[in-house]
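Let's take a friendly walk through a structure with two chains, one piece at a time. Keep the picture open as you read.

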Amino acid sequence: MTDCEQIRESLGTWLDGELGRFEAEAVRSHVEKCPHCGEEKRQLERLQVALRSVLEVEASRMAFAPFWNGVQCRIAAKRSWFEDLSDWLSSALTPPRLAWAVPAVIALVLGVWSLDSFFYSGRSGAQRNNFASVDSIDTYGRNVALLREDETKTTVIWLYQNQEGENESSGDTDEKRPSF
Amino acid sequence: MSLPAILMKRGLLFSVFWYLAAGYSLAAEISTQSVQIKIETILASDQSDEFDSRLAPLQRQLKVMKYRSYRLLKEESQTVPWQGSAAFEIPGGRSLAVTPQEFRDKRLALKVGLQQGEKPLLDTTIRMNNGGNFLLGGPPHEGGALVISIWATAQ
């Protein structure tokens, strides 16, 4: 492609003021020196002037007020939530998105369920199923009570003292009773 | 490609991901090296209406026992390897030995022994949720009863 061809391709953009500074300078200096490109430029300018005058005449005949009023009314009009939802659903539930959404939702549900049960720890566990199960128990002849309390999901092993008074020198007897 | 075909393909993709995640989770369960045992020794009595604010997280659990007053006497944590044993001193010349035995189905098995001096008071094997606790109570102390909260968390 010759210089002239490149310049002619850029002429329209240059005349519209859309070229960068250096490119615009290169086109301007070429057009000043090259008679063919200079002529091309003048033709384009004449065409622009002719088009502008035609458009201005036609535009003056058109009534734009109703058009702009309509646009403003549509902008100002409040849409119902149902219309918004309907628009959102129609754009969101396209087949490719649905194809991702279904397995993603399944994976998310399974993930939340399993991670919750695997990682939970600490005292908040008292609100969940914190029940302990007793595999074996030997109290060496003492009485024992095993309580599984539903509200807090707590397991309590309560050991009673035997009659031989093996407790401390303070000699408490009250602790023989179950407190729950 | 039709929607069912796309769904099937992506479902399979997520299944593979899921198997990998489940495998990782299982491996994590098997490879825990030790167990953190935390013992809170609490004096429950009817001698006052005091409730030790440090026991607030246990308040609902302790309420089961219908005492009026609860005071934290001692709190101690030890990290114990599997099959290893941790000994905790309990007020009143007692001692508690805890031996983590196994971790299966997200539940820990603990062997717990309570002694008074040389005399055994209780030997039990308990299965509990990882990070959970249970209460062992009854031994008399200072006009009330001791309640021992035993927590275990695999690490």
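Even so, α1(A) has a kink of about 35°, centred on E9(A). After the helix comes G17(A), and the phi of this residue is positive, near 75°. Bear in mind that everything described here belongs to a predicted model.

Now step back and look at the two chains. The table puts their values side by side.

| Item | Chain A | Chain B |
|---|---|---|
| Helices and strands | 6 helices, 3 strands | 2 helices, 8 strands |
| Buried residues | 8% of 180 residues | 35% of 155 residues |
| Contacts joining residues at least 24 apart, among those at least 6 apart in sequence | 36% | 47% |

Along its sequence, chain A reads α-α-α-α-α-α-β-β-β. Chain B, from the N terminus on, runs α-β-α-β-β-β-β-β-β-β.

Where do strands of the two chains come together? Look for an open sheet of 5 strands in the order β1(A)-β6(B)-β5(B)-β4(B)-β3(B), with antiparallel pairing. At its edges stand β1 (133–138) of chain A and β3 (86–90) of chain B; each has a single partner strand, so one side of each is left without a neighbour in the sheet. On average, neighbouring strands of this sheet are turned by 20° against each other, direction ignored.

Strand β3(B) runs antiparallel to β4 of chain B (residues 94–104), and 5 bridges join the two. For I90(B), the bridge partner in β4(B) is R94(B).

Finally, zoom in on I126(B), which sits in strand β6 of chain B, residues 119–129. Is I126(B) buried or exposed? It counts as buried because it has 24 C-beta neighbours inside 10 Å, and the cut-off for buried is 20 or more. Setting aside neighbours within four places in sequence, I126(B) is in contact with A132(A), V134(A) and D135(A) from chain A, and with L110(B), V112(B) and F134(B) from chain B.

How values were computed:
Residues are numbered from 1 along each chain as its sequence is written. Chains are lettered from A and ligands numbered from 1 in the order in which they are written. This is a predicted model: local features need pLDDT of at least 70, side-chain atom pairs count only at pLDDT 80 or more; totals for chains, interfaces and linings use all residues. Helices (H or I, at least four residues) and strands (E, at least two) are DSSP runs, numbered from the N terminus. A residue is buried if 20 or more other C-beta atoms lie within 10 Å of its own, exposed if 12 or fewer, and partly exposed in between; C-beta atoms are placed from the backbone. Two residues are in contact if their C-beta atoms, placed from the backbone, lie within 7 Å. The bend at a residue is the angle between axes fitted to the seven residues ending there and the seven starting there. Two strands pair if DSSP finds at least two bridges between them. Axes are lines fitted to C-alpha atoms, for helices over the stretch in contact, and angles run from 0 to 180 degrees between N-to-C directions.
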